[in-house]
Amino acid sequence: MKFKTRKTAVAALVSSALFCSPFLAYAQDANEEVEAESKSKKDVELILVTGSFVRRSENFESPSPLAVVDSVAIDSIGAKNIADITQTLTINTGAENNPDAFTQNATAGTSNINLRGLGVASTLVLLNNKRQVVTAQPTNEGLNFVDTSSLVPMIAIDRMEVVKDGASALYGSDAVAGVVNFITKRNYDGAMVSVDYQDGAHGDNKEYIFQGLWGATGDNGSVLAAISYTNRSPLFLSDRRLSRPEDDTSALGNPASYFVTIPGAGALPIIDPYGCEEFGGAPNLLAPSGTIPGLEVGFCGFDFGKFYSYVADESRINSYVRADYEFANDITWTAELSMARNRAERGGAPSFPILTSPIVPDYHPQNPFGQSVAFFGRAEGNGFDGDPANTESDTFRFSTNLQGVTDSGFWEVSYTRAVNDFLFKVPDVLNTEFQLALYGLGGSACDPIAGTPGEGNCEFFNPFATSYSSAPNSDYVVDSFTGTEIIDSKADLEVFEAFTSFDIFEMSSGFAALAVGVQYREEQLSQDYDDLANQDSFTFVIGNPDIDGSQDVWAAFGELALPLSEDLDMQLAVRYEDYGGSIGSTVDPKLAVSYRATDEFSLRGSISTSFRAPTVFLAQGGATSLQQLIDPVQGVTAFVAVRTSGNEDLKPEESTAYNIGFSYEPFRDFSIELDYWNFEFKDLIIQENAQAVLNLDPTDTDRIIRAGDPLNGPVLQVNNTYVNASEMETSGIDFVTSYKIDTEFGSFTPSLNGTYTMKYDLMDPQAGNIDGAGRRNFNNIGVSSPELRMNFGLAWKNDIHAANLFVRYISSYDDDQNCADGTTNLGACTNGLYEVDSHVTVDAQYNIDLGSLFETEQSYVVTVGGLNLFDEDPPQLFTNSGFDSKVHDPRGRQIYARLAVEF
């Protein structure tokens with residue numbers, strides 16, 4: 001049963017580009033009059049595309065910019081997971097797809113999408129047009145996002161559709177930057193298995209992927225099942241050191257430093273007199289040697305970088321099942337079930353810096369100072385193994401719907417339930433227990449009240465360099481103050497939705513169609529910290545209170561499609577959402593128009609508003625993350641704790657988006673598309689930039705916690721919150737072109753697509769007005785924003801052979817963390833900012849259909865390829881890990897092979 005209409009050039013283009021409908025296709029039995037008419041008109045199936053709830057009429061061309069990446073294109077880029085797809089999109093910038101411990105602290109093993117750099121929570125991710133739950137563990141910025149690693153097996157994906165302008169008027173508040181809709185295969189009959197192996201040029205970084213797909217169709221229904229297993233081995237900084245040692249050096253090391261009271265000078269940091277450099281430390285003198293006889297003023301630095309990983313040790317299992325059945329009364333039932341199990345372990349230092357300034361008493365047997373001193377270091381450093389952090393993410397999703405056909409349209413009711421359980425574990429030193437151990441009352445069997453320091457079951461912990469030689473510490477005492485922070489988080493999504501689409505009246509060029517619907521969704525978030533974390537018992541990650549909150553939303557929406565003439569179509573949409581409470585309600589409209597000036601040239605334009613409410617986490621949550629900051633008081637870079645608290649006084653953010661573009665096809669198989677886009681935000685919800693907070697008032701004792709001297713000592717912690725920034729505006733141009741050339745040697749298709757960011761203006765509450773385009777935006781609320789990203793492709797196909805070549809370019813941009821001479825930016829760079837180099841990488845792939853070659857009943861396709869074939873280093877940054885994890889890939893050359901067998 002299929003809808004019928006006359007086939008136009010536009011309809012042919014849309015159907016060939018999309019292959020099949022995002023929704024199940026509907027049809028009607030044609031009456032005799034229509035059958036008679038169809039004899040002179042070619043019939044095709046009417047489809048619905050992402051960005052509309054109205055079925056497509058015969059002369060409809062989407063007025064919103066829509067990018068489609070089908071399964072062929074996915075295979076051609078050598079994508080092993082969804083992150084590989086999104087990282088190649090020029091419209092995606094600032095996504096967190098590398099397990100960077102310094103900017104992606106607790107979300108290793110996840111991936112996300114960040115259209116236009118507007119935030120990983122500002123793009124609505126759909127699976128077969130239905131919502132997916134967000135991760136229960138937020139980013140460092142406090143944003144809960146859809147983990148694309150937990151959607152479905154790659155082998156089940158038919159295509160990805162991206163609506164590149166604002167879509168809140170259709171889909172709701174979290175479609176601010178656009179919509180990415182992953183659509184699975186339909187009506188598949190057969191079976192397929194594939195095996196992938198990928199090997200990196202550095203370290204032991206390898207990846208194995210096993211996938212299976214099975215499907216069957218019948219007269220009234222179909223079923224599809226898919227499963228995948230991924231195993232990825234880690235890549236450590238020590239395998240490919242991109243950073244300088246000083247970029248990853250902390251002033252808090254072991255050997256450590258001690259704040260000692262010097263007559264006439266106050267409390268000064270003194271490097272461990274027993275040794276520093278000879279035990280692997282990096283002395284950083286703050287006064288000439290000999291200033292204080294027998295003592296060195298400064299810090300004993302610790303290079304923690306080599307313990308961390310660019311790529312986490314990961315394993316993933318994804319499964320997906322879909323079934324549909326068509327009843328005799330033109331009603332179709334569909335259900336889908338997906339589950340994902342992700343495990344990741346990223347490297348970490350032997351222990352974190354201790355930020356609580358514990359006291360080493362004067363009676364400590366190894367204390368050489370003759371007075372009680374404040375310890376400035378970490379429990380374990382050089383010579384010890386790293387302590388990894390572990391994440392466990394389990395995602396479950398069930399969605400079902402009923403769809404029916406009416407005389408002039410269709411209807412659908414659906415229910416979706418999705419849950420993410422996320423467990424994060426990281427070891428750290430316990431505050432009270434560590435202080436007791438310095439007092440000589442360490443050990444699990446020591447009674448701190450009745451015990452005697454250093455006797456019986458009570459031991460001293462030796463923080464001095466003599467622990468490397470004459471006075472080592474026992475495992476007994478170290479174990480007594482070592483704990484593990486455990487965050488057990490859960491996100492729960494429930495959605496009820498019903499809508500109908502139908503023709504309402506006939507116009508001169510076709511029927512006007514209307515879609516109306518309602519939606520109710522409830523989102524719950526809880527974070528259960530362990531008892532020690534509830535008591536702020538840790539010396540670095542500190543801890544946090546538990547979080548438990550929910551948010552429910554009622555929505556009503558409508559869309560009107562008007563074929564104003566044979567060449568002019570208009571789309572009107574509006575959505576009402578009610579959050580209740582202090583957030584309130586919003587009405588967001590959208591107007592979009594497409595105009596076919598000629599058969600070769602068409603114009604499109606759209607304007608819409610959006611509204612994004614504060615999430616449960618932003619209003620009620622809180623977390624401690626680890627960030628590298630520049631201390632303007634001491635003029636040094638410090639690796640410190642940033643503790644962020646929720647803000648229940650947040651207002652919703654609002655935005656206006658508009659897009660103007662054209663498509664031009666001067667002759668067959670050659671096309672050009674160009675779009676200008678603009679997003680304007682006000683009351684933008686952001687986490688205060690910790691560097692900006694520090695720069696604004698570095699001696700604010702309420703927000704800046706320092707060791708020793710509260711005004712001039714080393715920075716230990718910055719306290720911040722979530723606020724409504726004044727405004728942000730970003731605009732740019734997307735361009736896509738391709739040309740298919742048929743020759744006697746096969747078909748060649750060169751292509752070029754790119755995004756040029758013209759404006760990325762920010763109003764930062766602390767940093768002020770910022771021109772963020774072409775900047776890293778380290779010192780403000782923005783993300784890294786290279787002005788130009790381009791992909792040049794060349795595809796070749798000849799019978800059973802096919803090959804692809806891609807050249808990927810990312811333009812240079814300024815690093816506002818560092819000056820041009822490589823020194824730290826402390827507020828004024830005489831010669832300008834450090835320029836991050838432009839970056840060019842080359843990918844290539846070849847595949848052959850052995851099944852056709854040997855004329856077998858099964859299909860055997862062998863693929864070999866490489867990513868970053870010339871092993872280009874990512875541009876260097878003078879920062880932790882040495883590169884920009886939001887823009888570049890640290891892995892270097894990756895060679896892969898795949899065997900796919902279809903029965």
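**Entry 1: the model**

I am working from a predicted model.

**Entry 2: disulfides**

I searched for disulfides and got 3. I then listed the bonded cysteines in sequence order, and the pairing reads 1-2, 3-4, 5-6.

I looked up Cys-276 and Cys-300. Their sulfur atoms sit 2.1 Å apart in a disulfide. The link joins distant parts of the chain, 24 residues apart. Cys-276 lies in the loop between β12 and β13, and Cys-300 lies in strand β14. The S-S torsion is about 95°, so I noted this disulfide as right-handed. Cys-276 has 5% relative accessibility and counts as buried. Cys-300 is buried too, at 0%.

Next I took Cys-446 and Cys-458. Their disulfide has a sulfur separation of 2.0 Å. Both cysteines are in the loop between α6 and α7, 12 residues apart. Cys-446 is buried at 10% relative accessible area. Cys-458 is buried at 4%.

Then I turned to Cys-819 and Cys-829, which are joined S to S at 1.9 Å. Cys-819 is in strand β39, while Cys-829 is in the loop between β39 and β40. They are 10 residues apart.

**Entry 3: salt bridges**

I searched the whole structure and found 44 salt bridges. Opposite charges on side chains can pair when the charged atoms come close. I picked out a few.

Asp-199 and Lys-206 meet at 3.9 Å, N to O. Asp-199 is partly exposed, with 26% relative accessibility. Lys-206 is partly exposed as well, at 22%.

Glu-314 pairs with Arg-316, and their closest N and O atoms are 2.8 Å apart. Are these two buried or exposed? Glu-314 has a relative accessible area of 6%, so I count Glu-314 as buried. Arg-316 is buried at 9%. I also found these two in a network of salt bridges with Glu-207 and Arg-232.

My last pair was Lys-682 and Glu-654, at 3.9 Å from N to O. Lys-682 is in strand β31 and Glu-654 in strand β30. The pair links distant parts of the chain, 28 residues apart. Lys-682 is partly exposed at 47% relative accessibility. Glu-654 is partly exposed at 34%.

Key. Residues are numbered from 1 along each chain as its sequence is written. This is a predicted model: local features need pLDDT of at least 70, side-chain atom pairs count only at pLDDT 80 or more; totals for chains, interfaces and linings use all residues. Side-chain values use heavy atoms; hydrogens and water are left out. A salt bridge is a side-chain nitrogen of Lys or Arg within 4 Å of a carboxyl oxygen of Asp or Glu. Buried means under 20% relative accessible area, exposed over 50%, partly exposed in between (1.4 Å probe, protein chains only). Helices (H or I, at least four residues) and strands (E, at least two) are DSSP runs, numbered from the N terminus. A disulfide is a pair of cysteine sulfur atoms within 2.5 Å.
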